[in-house]
Amino acid sequence: MICAVASGKGGTGKTTVTASLAAVWERPLCVADLDVEEPNLHLFLNPELGAEAPAFMEIPVLDPTRCTLCGLCAEFCQFKALSVMGKTLLVFPEMCHGCGGCLRLCPEGALSPGGRELGCIIPGRAGDTGFLMGRLRVGEAMSPPLLRAVKARLPRDCAGARDILLDAPPGVSCPAVNAVMDADVVLLVTEPTPFGLHDLRLAVEAFRPMGAALGVVINRAGVGDAGVADFCRDENLPVWAEIPFSRAAAEAYARGQVLADALPELRGRFTALMEHVLTAAAKRAAGTGEARHA
Ligand code: SF4
Ligand code: SF4
């Protein structure tokens with residue numbers, strides 16, 4: 001079972017929830033940080049990290065001796081990564097999205113596959129829990145290919161795990177969609193504020209069509225207003241956990257502690273959250289339909 005922990009915007013407590021779920025989850029478990037632009041789950045789980053493996057994306061490399069400057073590749077590339085300028089074909093590797101189209105299109109075989117380093121993939125182990133994370137290279141703008149490379153390693157690095165928790169990137173753009181697209185359950189972490197509601201709406205709109213069971217976690221419950229709760233009720237979205245706003249929780253977070261461990265009174269909420277996720281995944285697997293409002 002794969003559960004992605006996502007949020008419509010950053011700063012809602014997505015990683016806090018992932019780390020606490022990892023603390024209470026039944027084993028065998030594997031946890032992956034897919035927030036490759038700003039991975040920080042390891043700061044909470046303190047895994048023993050293994051060797052970093054560089055990850056590459058395929059980009060075209062030009063053999064100018066074979067290029068006839070026909071311009072077909074430049075015309076094809078939607079990202080303007082290729083351009084015929086006078087008597088030269090210019091290749092802009094940083095603008096390439098790695099679709100591979102130009103490599104297949106060139107009638108002269110003047111383009112061959114090369115690699116642009118995107119960042120690295122780091123495996124690890126936090127006690128009895130498998131761990132995997134990606135880290136984007138500084139200056140690299142393309143996070144989805146690295147994120148997909150991390151996901152491609154899940155079957156190998158999480159072999160033996162019954163369940164996988166994914167800490168997805170925030171937002172609803174390509175990185176987040178790539179992160180949650182294979183999940184059985186998507187947990188949407190939000191906060192009860194107008195900003196939280198706005199971004200929760202976007203997240204529901206983006207992720208609901210993907211077919212995973214959706215559940216909501218309201219973090220910092222007690223501040224703000226009832227807008228998020230009303231929206232969840234109207235949309236038949238189950239609220240599986242509320243994490244109360246407290247100074248103690250903020251201090252534990254600032255110390256890099258896992259809430260479920262630092263504040264034992266919250267542990268039961270995360271255990272109940274795990275049970276909601278497992279039940280929703282089982283219902284989905286059995287084809288019995290959507291999760292219901294708690
Ligand atoms: S398609 Fe091939 S031959 Fe034509 S401009 Fe591109 S690299 Fe050169
Ligand atoms: S691989 Fe795709 S995106 Fe990259 S240069 Fe070629 S056509 Fe453009």
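Buried means under 20% relative accessible area, exposed means over 50%, and partly exposed lies in between (1.4 Å probe, protein chains only). By that rule Cys-120 is buried, at 10% relative accessibility.

This is a predicted model, in which local features need pLDDT of at least 70 and side-chain atom pairs count only at pLDDT 80 or more, while totals for chains, interfaces and linings use all residues. Residues are numbered from 1 along each chain as its sequence is written, chains are lettered from A and ligands numbered from 1 in the order in which they are written, and side-chain values use heavy atoms, with hydrogens and water left out.

**Ligand sites**

- Ligand 1 takes up the largest cavity. A cavity is a set of points, on a 1 Å grid over the protein atoms alone, where a 1.4 Å probe fits but cannot get out. A pocket is an open set with protein on both sides within 12 Å along at least five of seven lines. For both, lining residues have an atom within 4 Å of a point.
- Ligand 2 sits in the second largest pocket. A molecule sits in a cavity or pocket if more than half of its atoms lie within 2 Å of its grid points.
- Around ligand 1 there are 14 residues, the closest being Cys-67, Cys-70, Gly-71, Cys-73 and Cys-106. A residue is near a molecule or strand if one of its heavy atoms lies within 4 Å of it.
- The shell of ligand 1 holds 11 nonpolar residues, two polar and one charged. Ala, Val, Leu, Ile, Met, Phe, Trp, Tyr, Cys and Pro count as nonpolar; Asp, Glu, Lys and Arg count as charged; the others, Gly among them, count as polar.
- The residues surrounding ligand 2 include Cys-77, Cys-96, Cys-99 and Cys-102. Pro-60, Phe-76, Phe-79 and His-97 are also among them.
- The shell of ligand 2 has nine nonpolar residues, three polar and no charged.

**Cysteines**

- The count comes to one disulfide, defined as a pair of cysteine sulfur atoms within 2.5 Å.
- That disulfide joins Cys-30 to Cys-158, S to S 2.0 Å. The link is left-handed, with -50° about the S-S bond.
- Cys-30 lies in strand 2 (residues 29-33) and Cys-158 in the loop between helix 6 (154-157) and strand 9 (163-167), so the bond ties together parts 128 residues apart in sequence. Helices (H or I, at least four residues) and strands (E, at least two) are DSSP runs, numbered from the N terminus.
- Both ends are buried: Cys-30 has a relative accessible area of 1%, and Cys-158 has 5%.
- Cys-120 is in no disulfide, as the nearest cysteine sulfur, that of Cys-158, is 17 Å away.
- The sulfur of Cys-3 is 13 Å from the closest cysteine sulfur, in Cys-30, which is too far for a bond. Cys-3 is buried, at 0%.

**Salt bridges**

- The whole structure has 20 salt bridges. Each is a side-chain nitrogen of Lys or Arg within 4 Å of a carboxyl oxygen of Asp or Glu.
- Glu-26 and Arg-162 form one, at 3.0 Å from N to O. The pair links distant parts of the chain, 136 residues apart: Glu-26 is in the loop between helix 1 (14-24) and strand 2, and Arg-162 is in the loop between helix 6 and strand 9.
- Both partners are partly exposed, Glu-26 at 38% and Arg-162 at 41%.
- Asp-157 pairs with Arg-153, their closest N and O atoms being 3.0 Å apart. Asp-157 is partly exposed at 22%, whereas Arg-153 is buried at 14%.
- Arg-233 and Asp-230 meet at 3.1 Å, N to O. They are three residues apart in helix 9 (residues 227-234), so about one helical turn separates them.
- Glu-94, Arg-116, Arg-137 and Glu-140 form one network through salt bridges that share partners.

**Backbone points**

- The peptide bond from Arg-27 to Pro-28 is cis, with omega near 5°. Pro-28 is in the loop between helix 1 and strand 2.
- Lys-80 is not a glycine, yet has a positive phi of about 55°. Lys-80 lies in the loop between helix 3 (72-76) and strand 5 (82-85) and is exposed at 57%.
- Arg-220 also has a positive phi, near 55°. Arg-220 is in strand 11 (residues 213-221) and is partly exposed at 27%.
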